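Grab a pencil and let's work through a few exercises together. Keep the sequence and the 3D view open while you go.

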Amino acid sequence: MFQADDPAWQPKSPNRGQTSGQTVVTIDFPTPAKSFPIRFGIPIGQVPSASKVAVFDEQGRPVRADVFALVNFTSAPQHWVLIATVIDAPQGGNRKLTIRWGPHVKRSPPAKAITVTADEDGLRVSGPKVRFTVSAKSLLTQLGLAGGEPEFAPRGIRVGIKHDGTVHSQGSGTITKLYDGPLYKRFRVDTTVLTDRFKHQLDIETWADSPYVKFSSRLINESNTPLKLSDLTCFSIVGIDRDHDISISGPNGTGVRSEERRVGKEGRSRGAPYH
């Protein structure tokens, strides 16, 4: 009988593609924007590690980016990577990025990076553009531009479920770092609502070179309790003014919406609830 640590059980990947090469990626933008964050996955050749992948703009200049291996095994070669970077979106056009990989490729270390420190409130995330706190109790709090006062979600986010006439709020949860690069980080806060089989997930993404922060919410029903979208009574930012309100409400789900709100004068913070 095989054991879990037996070499026969270890994942393997056949060799595909070349040991070096390049791919041009075209990114279409519906609207112009400065310092717009993007991320995408791309298949590549036989790369020994994600450090041997680099990004270049239309003029051949290096573009600051984080690159992560997207495979379920740790041994080389890597055939698929996630690339996270920040570029300017032109007026009514697109941008072309060249992805190069191979043993000769070098990616320069970042001059500025995102730092994360832990305290009793959660994880304090500070970057060159924005800062905020990821909290297991209040999810996302104290979002604002770097060096400025918090302007968004000063007391956090709340999620509520109405069941049998009673509104249940989310409990305290756990925080996971899904991606932890110097330029791009993605956090997930897992909490439960109503029962331990009804879960809420909030993903928070930040890029060092962008004032944009993206957060997305999902509900996962692993219980035997039938719940409809109309049971979701609230997804709200607590303690803010009307200009920053994000909520999901209404007895029949017609109030579900996604909002974009400005953080200071440099950028926007995006909330994208979905189910």
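**Exercise 1.** Where is Lys34 placed, and is Lys34 buried or exposed?

*Solution.* Start with the location: Lys34 sits in strand 2. Keep in mind that this model is predicted. Next, check the relative accessible area, which is 61% for Lys34. Exposed means over 50%, so Lys34 is exposed.

**Exercise 2.** Which residues does Lys34 touch, leaving out those up to four places away in sequence?

*Solution.* With those neighbours skipped, the contacts of Lys34 are Asp88 and Tyr212. Now try Ser210: Lys34 and Ser210 are 176 residues apart along the chain, yet their C-alpha atoms are separated by 8.4 Å.

**Exercise 3.** What is the phi of Leu139, and is Leu139 buried or exposed?

*Solution.* Most residues other than glycine have a negative phi. Leu139, though, has a positive phi near 65°. Find Leu139 in strand 11 (residues 139–145). Buried means under 20%, and Leu139 is at 0% relative accessibility, so Leu139 counts as buried. Gln142 is in strand 11 too, with a positive phi of about 55°, but at 28% relative accessibility Gln142 counts as partly exposed.

Methods. Residues are numbered from 1 along each chain as its sequence is written. This is a predicted model: local features need pLDDT of at least 70, side-chain atom pairs count only at pLDDT 80 or more; totals for chains, interfaces and linings use all residues. Side-chain values use heavy atoms; hydrogens and water are left out. Helices (H or I, at least four residues) and strands (E, at least two) are DSSP runs, numbered from the N terminus. Buried means under 20% relative accessible area, exposed over 50%, partly exposed in between (1.4 Å probe, protein chains only). Contact means heavy atoms within 4.5 Å.
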